[in-house]
Amino acid sequence: MNILTEKFTTPYHSAPFNSIKNEDFLPAFQELIKKSENEINDIVSNSDSPTFENVIEALAYSGEQLDMVSSIFFNLNSAETSDEIQKIAQEVSPLLTEYSSKLSQNEALFSKIKKVYDEKGKYTLNEEQQMLLNETYKGFVRSGALLNEEDKEKLQKINMDLSLKSLQFGQNVLGSTNAYFKHLTNKDDLAGIPEAILDQYAEEAKERELEGWVVTLQYPSYIPFMTYAENRELRKEMALANGKKSFDGGEFDNQELIKELLQLKQQKAELLGYQNYADYVLEERMAKSPVKVFEFLNELLTKAKPYASQETEELKSLAKADGIDDFQSYDHTFYAEKLRKQKYDFNDEELKPYFPLDQVQDAVFGLAGKLFGLHFEERNDIPKYHEDVKVYEVTENGEYKSLLYVDYFPRKGKRAGAWMTSYKNQYQQNGENSRPHISIVCNFSKPTKDTPSLLTFQEVTTLFHEFGHALHGMMANTQYPGLSGTSVKWDFVELPSQFLENFCYEPEFLKTFAKHYKTGEVLPDEKIEKIEQSKNFMEGYQTMRQLGFGLLDMNYHTKVAELENESVKEFEDKYTKQTQLYPVNPETAMSPSFSHIFQGGYSAGYYSYKWAEVLDADAFQYFKETGIFNPETAAKYKVLLSSGGTKDPMELYKNFRGSEPKVESLLKRAFG
């Protein structure tokens, strides 16, 4: 018997991590795909006339176990991978892609869906049921249901190739990141770097059985080095190594893979009747069209560039005093930190003792309690995939609401960055409200034998960001799993995460948890004031950076033909030129490690970070106007969170705010 193919016997039917073996996955996927196909066959072979219940609803509830096992496996591939898991991923991905292609191209199933859709006038459907019907029909059409047989086969092959190549892209980035490390034995080379970071580098060296210190390209190692290392040549070397990830012509190079991925996306779009992949993607977003996105990005570019130029000139002046006349991108973080310290008289290392991870987590849990009545209790009887992971039972007024897994520290088998995912969606069926299982994964510095895990202020906001996503999942209260939690339009999905970050800058809230881990001293008022003042520090630069990514993404997915005669590097330089504030290094390119758009789901969607900033600035402005802990405002926001994708996001937003979001709210917050 395969443990993955039966209903889990763990508390709340949670993932049985302690019993799963790698060899369970492939046979489980094969069996569960078969089981899911049988569920579809039951819908198709039903001799009763097609109805909303026996077609649309039946389909919405099908494949639950397959979805859970997929979530378990692909989270492990991101958070606890190994050569064996990566090999299984290469075998499993084509099976899932084939299953999903067969499902979306099942003519008998689609004819039943189409019949229900064409006759929807005769059904009395509530708003969520109407949304499910429309989304189901549209989903099939967008997956090729109206194509002829030959084109359906072409589409199936394209989807299969995209699945494998995007997986390979991510594995190349991970391989390239892990392949490089800088081993240092002379402490003078580490001048300027705080002791806590040096301890981290020493631990890394020890793990590799080396003397001295080791710096890697993992985020918690690389960023502090670029921020504090006084040795300019070493900063240059590290920046070069980081900029060469999957761009050095070696075994992990992604340049050709990028062209292949973009070509496949273009072919898919054309096959489905769209001019380009961005048209295909944006039809299903709040923004609706590439024209609208380009207008949005260019409007922000025009307004932000003068601020960004002013900021960089300030940094160049500071560097000039140190004898640096050729200011480069690898100088930016170092001198930005210097300027921030000069202007606001603090640095992240000074603040870190006030932000031990446990205190920050307690604070975000407490905030969820204050706004939404949630309570978090650690459970030690729920299986975990690594000893670093903790599991919490989430309740509201004593009633079980969700499970929350947290996984905070870097490991060799864990990809960089931070993300939220779910193992199980929320849904209601047969009178039962089946609650979600949510996970947050981050890469914070590990505790040492003398010091707890201490967060930079940026990491504090990262935790709040991911917890905002988690709230969207945990608060879900919809009928159908496919419309639950974060299953919303992509450019709406970042609202809850970015919204929650705002609380980190509110003095009355900060004082409740920013306390020195040794003395218990509350973060002094003058430092809180500096945090507030520094909130928009380098905002122009950061905006330009995000706009650069957004414009590059949109151009990749609207102008792919240009890559036939250009290298990835030439294309990247051309379409990020107007956002570049420093000379571009001919040896580096960011596209080959741009996982968001070539492995993640942000293809033709990277703009949504900025789009969501407009939403979150406008939403938090409302909280500021009414009081940041105002129960009525929180109750309205709770409705937005719990509604998932059951309504058009603009309608949801207007119901909460009373009006459409205003770009001015973001500009006011960013530039005053």
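## Helix 16

The expected span of a helix is 1.5 Å times one less than its number of residues. In this predicted model, helix 16 covers residues 357–372, 16 residues in all. From its first C-alpha to its last it reaches 22 Å, close to the 22 Å expected at 1.5 Å a residue.

Buried residues in helix 16 are L357, V360, Q361, A363, V364, F365, L367, A368, L371 and F372. An α-helix has 3.6 residues a turn, so residues three or four places apart point the same way. Just after helix 16 comes G373, with a positive phi of about 75°.

## Helix 17

Helix 17 is made up of residues 457–474, which is 18 residues. Its reach from first to last C-alpha is 25 Å, close to the 26 Å expected at 1.5 Å a residue. Helix 17 is mostly covered, with 16 of its 18 residues buried.

## The chain as a whole

The chain contains 27 helices and nine strands. Its C-alpha atoms fill a box of roughly 80 × 60 × 55 Å along the principal axes. A compact globule of 672 residues would have a radius of gyration near 26 Å, so the 25 Å of the chain agrees with that form.

Of the 672 residues, 58% count as buried. Contacts between residues at least 6 apart in sequence join residues at least 24 apart in 74% of cases. The chain exposes about 28200 Å², and carbon and sulfur atoms supply 47% of this area.

## T633 in helix 25

Helix 25 runs over residues 631–642 and includes T633. Buried means under 20% relative accessible area; T633 has 3% relative accessibility and therefore counts as buried. Leaving aside residues up to four places away in sequence, T633 touches Y622, F623, T626 and F656.

Most residues other than glycine have a negative phi. H13 is not a glycine, yet has a positive phi of about 55°. H13 is found in the segment before helix 1 (22–45). Its relative accessibility is 38%, so H13 counts as partly exposed.

A604, also not a glycine, has a positive phi of about 55°. This residue lies in the loop between helix 23 (595–598) and helix 24 (608–626). A604 is buried because its relative accessible area is 0%.

Note on methods:
Residues numbered from 1 in each chain as written. Predicted model: local features only at pLDDT ≥ 70, side-chain atom pairs only at ≥ 80, totals over all residues. Heavy atoms only, no water. Helix = DSSP H or I, 4+ residues; strand = E, 2+ residues; numbered from the N terminus. Buried < 20%, exposed > 50% of the residue type's maximum accessible area, 1.4 Å probe, protein only. Rg over C-alpha atoms; globule rule 2.2 N^0.38 Å. Contact = heavy atoms within 4.5 Å. Areas by Shrake-Rupley, 256 points an atom, 1.4 Å probe, with all protein chains shown as cover.
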